[in-house]
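Have the structure open while you read.

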Amino acid sequence: MVIDRDNSVSAGALVRPYAVTRGRTRPRLEIAMEALVETTARGRTGGMLAGQEQQTIAGMCVGLQSMAEIAARMQMPLGVARVLVADMAADGLLAVHEPAGMSDSGDDAVGTELLERVLSGLRRL
């Protein structure tokens, strides 16, 4: 996938999500869907970028992007985008800014806390 001048993603060759993540389904670190992601100085140099997806994400995140926006613009499932972003963050290519008040309880149920964070993020737009 390639980002066009108008910041839209044009589809390249169709690649199965499991091929992009090398079969992994769990990210190295948990990233909230509303977390903001930006390319680091190391990521902007491009030397460590392995695949076309990583290059696209690095280019897209020169300005802050939410995890959900990355997945949507890449036209891939959120879980796949999380694996890619987590790998890039672990390699120092991306910085992930989690929203304030993230709980580490490990509770995956959608509750009022998540809905309040989403509402707060929408209000800030």
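**Helix packing and a pocket**

Helix α3 (residues 52-60) and α5 pack with their axes 11 Å apart, at an angle of about 75°. That makes α3 roughly perpendicular to α5, a label for angles of 65 to 115 degrees, with under 35 roughly parallel, over 145 roughly antiparallel and the rest oblique. Keep in mind that this is a predicted model, where local features need pLDDT of at least 70, side-chain atom pairs count only at pLDDT 80 or more, and totals for chains, interfaces and linings use all residues. Residues are numbered from 1 along each chain as its sequence is written, and side-chain values use heavy atoms, with hydrogens and water left out.

**α3 against α5**
- On the α3 side the contact (heavy atoms within 4.5 Å) uses Glu53, Gln54, Ile57 and Ala58, and on the α5 side Leu84, Val85 and Met88.
- Sorted by class, that contact of α3 with α5 has five nonpolar, one polar and one charged residues; Ala, Val, Leu, Ile, Met, Phe, Trp, Tyr, Cys and Pro count as nonpolar, Asp, Glu, Lys and Arg as charged, and the others, Gly among them, as polar.
- Helices here are DSSP runs (H or I, at least four residues), numbered from the N terminus, and axes are lines fitted to C-alpha atoms over the stretch in contact, with angles from 0 to 180 degrees between N-to-C directions.

**α4 against α5**
- Helix α4 (residues 67-74) and helix α5 (residues 78-90) have axes that come within 9 Å and cross at roughly 110°.
- That makes α4 roughly perpendicular to α5.
- Met67, Ala68, Ile70 and Ala71 of α4 meet Leu78, Ala81, Arg82 and Val85 of α5.
- The α4 with α5 contact residues come out as seven nonpolar, no polar and one charged.

**α3 against α4**
- α3 and α4 pack with axes 11 Å apart, at about 130°.
- α3 and α4 are therefore oblique to each other.
- Glu53, Thr56, Ile57 and Met60 of α3 touch Ile70, Arg73 and Met74 of α4.
- By class, the contact of α3 with α4 has four nonpolar, one polar and two charged residues.

**The second largest pocket**
- The second largest pocket holds about 460 Å³ of space.
- Its lining has 17 residues, and Glu34, Leu36, Ser66, Gly121 and Leu125 lie nearest the centre.
- A pocket here is an open set of points on a 1 Å grid over the protein atoms alone, where a 1.4 Å probe fits, with protein on both sides within 12 Å along at least five of seven lines; lining residues have an atom within 4 Å of a point.
- α4 and α6 (112-124) are the elements giving two or more residues to this lining.
- α6 gives the most, with five residues.
- The lining of the second largest pocket has nine nonpolar, three polar and five charged residues.

How values were computed:
Grid points are joined across faces, edges and corners, and a volume is the space filled by probe spheres set on the points.
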